[in-house]
Amino acid sequence: MTASVPADADIVIVGGGIVGVSLAYHLAKRGATNVLLLERGQLTCGTTWHAAGLVGQLRATLNLTRLAQYTAGLYANLEAETGQATGFKQTGSLAVAQTAARMEELARGASMARSFGLAVDILTPGDAKALWPLINADDLVGAVYLPKDGQTNPVDTTQALARGARSRGVRIIEHCAVRAITTARGRVTGVRCDAGEVRARVVVNCGGMWARDIGGWVDACVPVHAAEHFYVVTEPVPGLAPGAPILRDADACSYFKEDTGKLLVGWFEPKAKPWGMRGIPESFSFEQLPQDLEHIEPLLAASARRVPALESVGVQVFFNGPESFTPDDRYLLGETPEVAGLFVAAGFNSIGIQSAGGAGRVLADWIVDGHPPMDLWDVDIRRCAPFQRNKRYLHDRTVESLGLLYAMHWPFRQAESARGVRRSCLHDRLAGQGACFGEVAGFERANWFAPAGVTPEYHYSYGRQNWFEHSAREHAAVRERVGLFDQSSFAKFALVGADAEAVLNQICAAEVAVPVGRIVYTPWLNERGGIEADLTVTREAEDRYLIVTACASQTRDFHWLRTHIPEHARAAAVDVSSGYAVLGLMGPRSRSLLGELTDADLGNEAFPFGTSRVIDLAYARVRASRITYVGELGWELYIPTEFAPAVYEAIVAAGARHGLSLAGYHAMNSLRMEKAYRHWGHDIGDEDTPLEAGLGFSVGWSKPAGFIGRAALEAQRRQGLRRRLVAFRLSADEPLLYHNEPIWRDGQIVGRITSGMYGHTLGRPLGLGYVAHPEGLASPEWVAAGAYELEIAGRRVPAEASLRPFYDPAGARIRA
């Protein structure tokens, strides 16, 4: 029988897997007293019950690693707190490499782990065999050992969290399915369930593989799709040491976990089997999926080559159960942009057990405090584009997503499935010129151009990839002549109305009460002074602004804009992204080329840097904005979409006389790195302030009405900075920098690289990264006084540090 439900709750959690129960536990620890968790069946009955229970700690970013570390610490102490056994054991984990490329990946990960404060050891094949005697180490290149990793029992751990939550007043009701989420005026008002209606100010969708459908009730985008996940459990294995480390052989798509003398062996194969395309039955509970021995036979054979004992031991369990995956293999967390008060924690991509503790904690903080406690952009649901809830897209991407967990994590690796979703109106023309496309938020963008006779496809490595020399030529063309970029993927918003200036001046840190035709570079800040967005604002009229930002943050930035317009303000925000193509014409000859196609005066006095005007160009009327992200004279051209092909053709035809080259986003990245231009999501985010990032020039300190975050910035300016963003140049032209390489100052780790790229003009790998003073203020003098090295795959390379760009530090070229 379904228990009765209260008429009201502050927070209703939908779903009783380990993530939903962890959230309930952490909300209670934060003092939330009226929390209700509703589960359609029994706790853990969806996917938690059959999880392998691996608890790794090294993730792709610092903050996600911090959350995984927290999870391990939570599980280690949960039994003592609640009296419920969890089965947690700190066994360590061993990752082995069959190839030099995989070993470089592991070694770079080990360096990253050191910068995150994790204990890590790089091992020889002999060391690996000594640690795990049953492995065949003959073909290994090396291995990495993380001694603090472990394993836990997912069901018992969930029950321990539930006991802790209940002891603090959380009500958990099983066998009570939620049927609808109720809303009014764009905000959650509660849920309808089998036992009646519950009013609530917050509802959290922890529905696991049902989360997409639950979000769909209120038209919220929650892009998850289930896939079949296979593992076997063997009979007892002779010679298997109790408490052996988790073993991962990613080259064989395999992981191995010791459990009571047996081995659990599972796989993340390159071509997965999506499941649940016609919907997942509500009754699906503690169930398995049909076996597919033909599918797992080659996987099991590969595992046996690594652990030959598998050839002579019986299999006790052949298991196949569903797990939910997202398009980018990162889970979904936070408040939905579509419905206020509706939060999500779902799509954990087979790492739900090791993520649940940290995810539950930060989402509880987010709900209670009204903002995330740290930079969570990697998992923020606002990174998702609305189209990504499309069932066919999710199905096709999931075929690839599962296997990417153990695939090589190459720099610049591009998804191969579900491509071609969003295309510029110039896409086919660029393809005809040899463009090799990458994807961001579903948008196909030209990353580099292959010359005649070269196939436009990636050959990946950690060194100079096959496009390196071609992108170098594009880079040189922009520095020396003129290059043309298709930047149509930009997100573009119009803010219109009599109060547009007043509204935007509160949101923007910079002063935007400027004359019509001026462009303003500005951050958007939160109340803590952190950078929520990094963009440009152009005043098109007294009552109209054009806001331009990156396509990756389109959903997030529009949500921030829309939710910061006061209710009675005479201003409306409209997403006009699809209405305009954008061409970036950049380089010292851009003025002479553009001058052939327009009668507008493009001279420095008539058209200075930071100016935007509508001009005649070819047969079109085009907004020409003199601004740059590459550090050269140039214009961004905003063209109504239907006019863009003709404008492009006119520029290309005239460009032959000026040495025009088409250029892609890899060249843009190398160009911006030479100028030390910041990239939101890498170099700056909502935990970084403009002062720390060296962007104090973009702050309008004297604005009469102030701006969001001013008080926090003023306090930081008074107190001084403990960390600063610094530009780095390696002393040698190899190895290459990408991100998260540790920064050593005078023999001590003081930070990590946030982004890296080769600077072709400077002839060296370049990086940006924050350095923090371990005991005091990071003054310019302190930064300059240090001797620096960057650790790359376990090797330290000397580097030069600078608080100014290495290329054109005075900015003379952009104002030429």
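## Close-up views of a predicted model

**View 1. The loop around Pro735.** Pro735 sits in the loop between β34 (723–730) and β35 (742–745); strands, like helices, are DSSP runs numbered from the N terminus (helices H or I, at least four residues; strands E, at least two). The peptide bond that joins Glu734 to Pro735 is cis, with omega near 0°. This is a predicted model, in which local features need pLDDT of at least 70 and side-chain atom pairs count only at pLDDT 80 or more, whereas totals for chains, interfaces and linings use all residues. Residues are numbered from 1 along each chain as its sequence is written, and side-chain values use heavy atoms, with hydrogens and water left out.

View 2. Asp746 is placed in the loop between β35 and β36 (748–759). Its phi is near 50°, a positive value in a residue other than glycine. With a relative accessible area of 49%, Asp746 is partly exposed; on this scale buried means under 20% relative accessible area, exposed over 50%, and partly exposed in between (1.4 Å probe, protein chains only). Ala793 belongs to the loop between β38 (788–792) and β39 (795–802). Phi of Ala793 is near 55°, again positive in a residue other than glycine. Ala793 is partly exposed at 26% relative accessibility.

View 3. Ser111 is part of helix α3 and is buried, at 2% relative accessibility. Leaving aside residues up to four places away in sequence, Ser111 touches Pro742, Glu791, Ile792, Ala793 and Gly794, where contact means heavy atoms within 4.5 Å.

**View 4. Salt bridge between Arg108 and Glu104 in helix α3.** The side chains of Arg108 and Glu104 form a salt bridge at 3.1 Å, N to O; the term requires a side-chain nitrogen of Lys or Arg within 4 Å of a carboxyl oxygen of Asp or Glu. Both residues are in helix α3 (residues 100–115), four residues apart, about one turn of the helix. Arg108 is buried, with 12% relative accessibility, while Glu104 is partly exposed at 28%. Across the whole structure, a search finds 51 salt bridges.

**View 5. Salt bridge between Arg413 and Glu400.** The side chains of Arg413 and Glu400 meet at 3.4 Å, N to O, in a salt bridge. This pair links distant parts of the chain, 13 residues apart: Arg413 is in the loop between α9 (391–404) and β20 (422–423), and Glu400 is in helix α9. Arg413 is partly exposed, with a relative accessible area of 28%, whereas Glu400 is buried at 8% relative accessibility.

View 6. Arg623 and Glu540 pair through their side chains in a salt bridge of 3.1 Å, N to O. The pair links distant parts of the chain, with Arg623 in strand β31 (residues 620–625) and Glu540 in strand β26 (residues 531–541), 83 residues apart. Arg623 and Glu540 are both buried. Elsewhere, salt bridges with shared partners join Asp380, Arg382, Glu532, Arg556 and Asp686 into one network.

**View 7. Packing of helix α1 on helix α5.** The axes of helix α1 (residues 18–29) and helix α5 (residues 154–167) come within 8 Å and cross at roughly 30°. Helix α1 is therefore roughly parallel to α5; angles under 35 degrees count as roughly parallel, over 145 as roughly antiparallel, 65 to 115 as roughly perpendicular and the rest as oblique. Axes are lines fitted to C-alpha atoms, for helices over the stretch in contact, with angles from 0 to 180 degrees between N-to-C directions. Residues of α1 in the contact include Ile18, Val21 and Tyr25, and those of α5 include Pro154, Leu161 and Ala165. By class, the contact of α1 with α5 has nine nonpolar, four polar and no charged residues; Ala, Val, Leu, Ile, Met, Phe, Trp, Tyr, Cys and Pro count as nonpolar, Asp, Glu, Lys and Arg as charged, and the others, Gly among them, as polar.

**View 8. Packing of helix α11 on helix α16.** Helix α11 (residues 468–480) and helix α16 (residues 665–674) have axes that come within 8 Å and cross at roughly 55°. Helix α11 is thus oblique to α16. Ser471, Glu474, His475, Val478 and Arg479 in α11 meet His666, Ala667, Ser670, Leu671 and Glu674 in α16. This contact of α11 with α16 has three nonpolar, four polar and three charged residues.
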